[in-house]
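Look at the structure below and follow the chain from one element to the next. The text starts with a helix, then moves to the core and the salt bridges.

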Amino acid sequence: MQIQIRTGHNIEGHEALATHFSGVVEESLSRFSDRITQVEVHLSDENSDKKGGIDDMRCMIEVRLKGHQPIAVTHQATTLSQAVDGAADKLTRAIEHTLGRQSHQASHRTDPPLSRSI
């Protein structure tokens, strides 16, 4: 699973920040790692020019699953850590929903299986 961390121009994107948040996201999505090809994490400060404010840190995470359209979620919070944690939780639920729906559809098919003629 490849994880890319991108930061807005108002967030200092040093290596420790990227390493920490990559670890948080990787741990949260670890049970889906065999199905995930790429993860992009975008961090931004929505009120950067106003210094402060409630829920001004934003995290958007987009994941690409094999055989599916990309799934993206966003979470805003007071700190970057809270924003990343919230987005990771939302993304986990979204992936569970997508994969659960797929397995439900496959197990409840009513059409007969295709027969191969040789």
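In helix H1, the residues Leu17, Phe21, Ser22, Val25 and Leu29 are buried. They lie on the same side of H1, because they cover an arc of only 120 degrees around the axis (the arc is that of the directions from the helix axis to the C-beta atoms). An α-helix has 3.6 residues a turn, so residues three or four places apart point the same way. On the other side of H1, Glu15, Ala16 and Glu27 are exposed. Here buried means under 20% relative accessible area, exposed means over 50%, and partly exposed is in between, with a 1.4 Å probe and protein chains only. Helices (H or I, at least four residues) and strands (E, at least two) are DSSP runs, numbered from the N terminus.

This is a predicted model, in which local features need pLDDT of at least 70 and side-chain atom pairs count only at pLDDT 80 or more, while totals for chains, interfaces and linings use all residues. Residues are numbered from 1 along each chain as its sequence is written, and side-chain values use heavy atoms, with hydrogens and water left out.

Next comes the core. The largest nonpolar core has 27 residues, and Val39, Leu43, Ile61 and Ile95 touch the most other members. Such a core is a set of buried Ala, Val, Leu, Ile, Met, Phe, Trp, Tyr and Cys residues joined through side-chain atoms within 4.5 Å. Two or more residues each come from H1, S2, strand S3 (57–65), strand S4 (71–77) and H2. H2 gives the most, with eight residues. Leaving out residues up to four places away in sequence, Ile61 touches several residues, including Val25, Val39, Ile71 and Leu91; contact means heavy atoms within 4.5 Å.

How many salt bridges does a search of the whole structure find? The search finds three, each being a side-chain nitrogen of Lys or Arg within 4 Å of a carboxyl oxygen of Asp or Glu. In one of them, Glu40 pairs with Arg6, with the closest N and O atoms 3.6 Å apart. Glu40 is in strand S2 (residues 36–45) and Arg6 in strand S1 (residues 2–7), 34 residues apart, and the pair links distant parts of the chain. Glu40 is buried at 16% relative accessibility, whereas Arg6 is partly exposed at 39%.

Arg31 and Glu96 form another salt bridge, their closest N and O atoms being 1.8 Å apart. Arg31 lies in the loop between H1 (15–29) and S2, and Glu96 in helix H2 (residues 80–107), so this pair ties together parts 65 residues apart in sequence. Arg64 and Glu62 also meet in a salt bridge, at 3.0 Å from N to O.
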